[in-house]
Amino acid sequence: MLTPFSVQQLPQVSGNKPESKSSGWSWSCSPVARTMKETEEQLLLVSRENQMLKIKLEATREAGVQALRSASQKLYENYQTRSEELEKSHENEKQQIQTYHLQQEEKLQQSSKTTSRIAEGIREKCTHIAEMEKRVQRMEEEKKTLIEKKMSLEKMLQQMMSRNEDAKRCLDLQRQISTLREQICHLQWVIQAQHHGLRSVIQEAEELNNELRSQDKKIEDLTEKLSALEAQNKELKDRVEFWSGQPKAKVSKAVWTDTPRDFGASPYLMLTRLRKQES
């Protein structure tokens, strides 16, 4: 059995060296060696391109993430701005409606007071008219009584004068008749004045009635406006509550969901695919 030391000390055959050189040269010049060398060079090139593609892919994906994140942030800010503007606009409109509502309520209260005052004035006018009518009626009755008395005295005077009775008594009857005429004339003037005053009071009552109808129409219109304002105010309140209760949007991070078809493939597989595409 030979030891390792004894093997190393064995003499080499001089004929082996030319044979070794010849076999190495033939191997390096063979088609298989050239093919493998070309393959290795192509693999190296593909590997470098693959690295570059990976770098570009990462850069593109990062740029896409940043662009998507920036766009999401911008959309979120626009949404927030628009939401705040709408909420502020709704609040301002709500305040304006409430202010206008209060103004209309004050007008309605004022109109109600005016209506009550006019109605009271109409009642007073009606009472005054009734009193004046009664007064005129009493005067007319008194006038009728005076006229009847005057006619009775005039008839009596005629009878006395036809019988040539006492002149003193006839003169007394004439004075009574004259007094009655004066009373009747004065009463007639008072009655005419009462009629004139009665017509004025009736006209004033009619004007108050017209004003009362106008106030009633105004109250009706104000009531309708208040009902519409209350409905509009409720609608705005619901809209403000809706916008105030909306959940705040969150900016989501971009996620790469589509993996490239050749990402993670080995250089040999990529080279095979390239050759299939070329062929």
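Asp-172 counts as partly exposed, because its relative accessibility is 33%, and partly exposed covers the range between under 20% for buried and over 50% for exposed. Keep in mind as you look around that this is a predicted model. Asp-172 has a partner: it forms a salt bridge with Arg-175, and the closest N and O atoms of the two are 3.5 Å apart. Both residues belong to helix H4, and because they are three residues apart there, about one helical turn separates them. Arg-175 is partly exposed as well, with a relative accessible area of 46%.

Why do such pairs form? Side chains of opposite charge can pair when their charged atoms come close. The structure holds six salt bridges, and the one between Asp-172 and Arg-175 is among them.

Let us move to helix H3, which runs over residues 31–162 and contains both Glu-120 and Arg-123. These two side chains form a salt bridge, with 2.5 Å between the closest N and O atoms.

Glu-154 and Arg-181 meet through their side chains in a salt bridge, 2.9 Å from N to O. This pair links distant parts of the chain, since Glu-154 sits in helix H3 and Arg-181 in helix H4 (residues 167–244), 27 residues apart. Arg-181 has a relative accessibility of 42% and therefore counts as partly exposed. Which residues make up the salt-bridge network that includes this pair? Lys-150 joins Glu-154 and Arg-181, and the three are linked in a network of salt bridges.

To finish, follow helix H4 along to Gln-215, which has its place in that helix. Is Gln-215 buried or exposed? Gln-215 is buried, because its relative accessible area is 9% and the limit for buried is under 20%. What does Gln-215 touch, leaving aside residues up to four places away in sequence? Its contacts are Ser-111, Thr-114, Thr-115 and Ile-118.

Conventions:
Residues are numbered from 1 along each chain as its sequence is written. This is a predicted model: local features need pLDDT of at least 70, side-chain atom pairs count only at pLDDT 80 or more; totals for chains, interfaces and linings use all residues. Side-chain values use heavy atoms; hydrogens and water are left out. A salt bridge is a side-chain nitrogen of Lys or Arg within 4 Å of a carboxyl oxygen of Asp or Glu. Helices (H or I, at least four residues) and strands (E, at least two) are DSSP runs, numbered from the N terminus. Buried means under 20% relative accessible area, exposed over 50%, partly exposed in between (1.4 Å probe, protein chains only). Contact means heavy atoms within 4.5 Å.
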